[in-house]
Every structure is written in C-alpha cells, then in structure tokens.
Amino acid sequence: MKALQGILLIFCLVLLTLPLFGQVVSKKQEIAVFSLGYYKSNIPADVVGNIDEEIKGVFINIGRFDVLGMTQRLESEDVNVFIDNIKAFKEENVEIPEEVQMGKEFFTAADLNRLIGSFIVVIPSVTSYSREQLDNGKYRAAVKTTFTFLNVETAKAFAHATVETEARDESLSKAVRAAINRIPLQLTYEIRKIAEFQLRTGILEVSGSEIIMELGRDLGIKKGDEFVIVTSRVLDSGKTLTQEKGLVIIKEISEEVSIGKIIYAKGGARVGEQLKEVPRLGFETAPYVHVVRDTELKSEPIVIIGLRQTVLRGFYDFRPIVGLEVPLIPNIIWGIPFNFYIGGEWNNYLGRWQITPMAAVGMGAAYLWYLPDDAKDYAFIFTHLGGEAQLTISYLVNKSIKFVFEGGYMHWFSMDPTGVIFDEPLLFHSYKGLFAGGGISIKY
C-alpha cells in the first residue's frame, strides 16, 4: 500500500512540474565580431574607429553575448569566401595552414581556431558614407552599415541587418559624430529582432498580477521590456501550434531574475509557462486631438492637434515624455503656431486599462509663413511660455496599440501680452482652460 502511495505521489509531482521541462531559457552566446569593413567607402580612418567602437560597444552592452573582438576586416563580398573556408575546415577535415588570406586580410591558424570555436560570427561593413553641405549652410552626414550573422556550426549566414543613420549640424564634424552616435539605438533593436537572439525564459512564480521570471541584468533585461506568454500544442498532423496568450511588462530587475506585471493573460499565468521577448525600439507615440474651453479669451473652443513621444525602455511607472502640438488659434492665418513641451508621466496598470497622470512645461513659437524672402531670418518667433497637466485613461487593444482618452488643464502665457513687439494682427494672446480629447498610442 505504501509503495502504491509513493508511486502516486511521484506521478503527481511529475504532472505538476511537467511545464517546467518545456521551458526554453536563454543563455549567453559566444560571438566573434569583426572590425568594420570599409575598403570601398571613402571614409576617414578616425570615423572608422569611432563606428567600430560604437558597434562593439553595442554587442557588449546588450548583455546577451560573450564577445570576442577580431581585428580583421572583411568586405560584404568576402563573406561567401569566408563561409566556404570555414565549411571546408569543419566538414572536410582540411588542415588549417599557418596563414590564410580572405579578401585583403590574413588569418592565422590560431585566429581560425578561435572563430570555429565561436557559435556566431558578425561581419559589419560600411556600404555607404556621405557628407554634404545643404543650401541652408548646414552639413548632413549619413552612414549605412550592413551586418552579416554567421552560424559557424552550420557554416551558414542566418541573418542580415542594415543600420542607416544621418544627422545635420552647422559643424561637419558634429554632424558626423551625431550620425555615428545614433547607431547603437538602432543596432540594438536590429539585434533584438533576430529570432536567434530573442530572449526566452519561463515563469518561476505567480503572485496575483505579478510574476517572477528567470533572467535579469545578466542577460541585459531592462525595466519596461515586454514579454509575451506563449503556449504550444501538437496538432493531430504532428505540427506544433504556438500562440500568444498574455503580455508582461518588466517592473523590477535583479541580477538573475526579474519581476513582471501581468497586463493580460487568457486563463491566467501559470508557473512553468514560456515567456518570449517582444523586441521594440523603446518608444511610444500618441497622436491626439484636444479641445480647450478658453477662459482667457472667452472665445470659441480652441482645437489642438498634437503628437506625444514616451520613452519606454529603461522605465516602468515613471516615464519621460516630449511633445509637439499645434493650437488652431484665431491668428493662425498670420503664422503657424506650435508648442514644444517636456515632462513626465506616472503609469498605473489595471489589466488592459492604464491610468496615467502627467505634467509638462514648454515653450510656444510660431513660423510666420507670409514674410518675403529677404525677411525670412525673422520668420521664427517665440510666443508663449506655459504647460499643462492631464489625466490619461487608455485601453490596450493589442500588445502594441492603445485607445487614449484625456482631460486636464493648460495655461500658455503670451510673451508679448501688450503688443509692444508686434502689431495687433501678430498678437499671440495668452490662453488657458480645461481641455478634453483623445487619440491612439502606438508602441514600437
């Protein structure tokens, strides 16, 4: 009898822990990153060095790789030659000579043995680099870099990525530096989009609307990162159907585990279920329309068309925001007014619903479009100082789109209230009052 009870107990434990055995948990991958290929681009050596530094910094800082830096450079057309050589060394038992030439670079036997021992090889190459002076006197710099990802074990390229950045500045060197500085953000996103690099983990604990999952800073997870809960089942045909059943946002991080907030989960979240990273650039954009009852001018309601940008990655409850809006005030026939503001929001999650108070301060300006060409230097004027506070209620339709409903109070003070600077037709009066409106919000 006791033996039967023991067997039943073991059977129950196996059933309870069965989901755990189906989890896939990501680990750091070994990766060899070549130096930047640029032989066919008219690009200065110091610029190459700066791009190289940014690229290798991305692979190190992203947290999911053990990086081996290579000093050799390969052009995009040398990739196939490199793959053929690696394949021969691995599959045909070809003895590696003391020195092998690929393109313009030479590899020693030690170099190739290190590469063969790596899981992945990354070959970056500049495919275009341009600098030009624009009609307005500013300089424009643009860099286009391609990345080939090679699985050494199979000797095949499994992914390609392209990063294009540009910048404009009154100084050429600053424009070039700014274009290079924009590489890490886009390259990080391109890497996280590649299926072989997307993080996978499992739910360790569930407590109310929160979960604890394996992986944390050790794999480069940040606050605000999102994971979908996925389930899989084998169909009668033998094929596997994988479906997303929930969404989790990371709110706290430690070295090896993270705490996530369950936004939605069909049937609830369970210990042992699989989580998969949702790669995003890390921003949320909300186009909106507000209607203001102006208590200052006591005129007809003012319609405001705006666009708000929120930083997601690296933040959870508090998040910084920037915005640009165009108030359709009466004297818009003389110039195009707009307000630029910066501020913050505080997010409270109630399932798919989200309640978010926010506040911002900013400056108003106008572009006087009707001025003649010889007066264009005076076409841009500052008109207002002010800010606004509001409460936003949003509903998450799917993992990337929300409907947004907003209401609050704004006050924009005229910087020329008495008309000393401008004549009456150009007066940009103060305006204030309660407002309401809405829009949509898109995460990407």
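Tutor: The count comes to 14 aromatic pairs, where rings of Phe, Tyr and Trp (its six-membered ring) pair if their centres lie within 6.5 Å, with planes under 30 degrees apart called stacked, over 60 edge-to-face and the rest tilted. One of these is the tilted pair of Phe59 and Phe65, with 5.9 Å from centre to centre and 45 degrees between the planes. Both Phe59 and Phe65 are buried, which is to say under 20% relative accessible area, whereas exposed means over 50% and partly exposed lies in between (1.4 Å probe, protein chains only). The pair of Phe380 and Phe382 is edge-to-face, at 5.3 Å between centres and 85 degrees between planes; Phe380 counts as partly exposed because its relative accessibility is 43%, and Phe382 counts as partly exposed because its value is 48%. Ring pairs also join Phe59, Phe65, Phe149, Phe158 and Phe197 into a cluster.

The model is a predicted one, in which local features need pLDDT of at least 70 and side-chain atom pairs count only at pLDDT 80 or more, while totals for chains, interfaces and linings use all residues. Residues are numbered from 1 along each chain as its sequence is written, and side-chain values use heavy atoms, with hydrogens and water left out.

Turning to the architecture, there is an open sheet of 5 strands in the order β2-β1-β5-β6-β7, with mixed pairing; strands are DSSP runs of E with at least two residues, helices are runs of H or I with at least four, both numbered from the N terminus, and two strands pair if DSSP finds at least two bridges between them. Because β2 (65-73) and β7 (156-169) stand at the edges with a single partner strand each, one side of each has no neighbour in the sheet. Strands β5 (residues 120-133) and β6 (residues 139-151) pair in the antiparallel sense over 13 bridges, and Tyr129 has Val143 in β6 as its bridge partner.

Helix α4 (residues 109-117) lies across β1 (29-35), β2 and β5, running at about 145 degrees to β2, where axes are lines fitted to C-alpha atoms, for helices over the stretch in contact (heavy atoms within 4.5 Å), and angles run from 0 to 180 degrees between N-to-C directions. Helix α6 (residues 183-193) also packs on the sheet, touching β2, β6 and β7.
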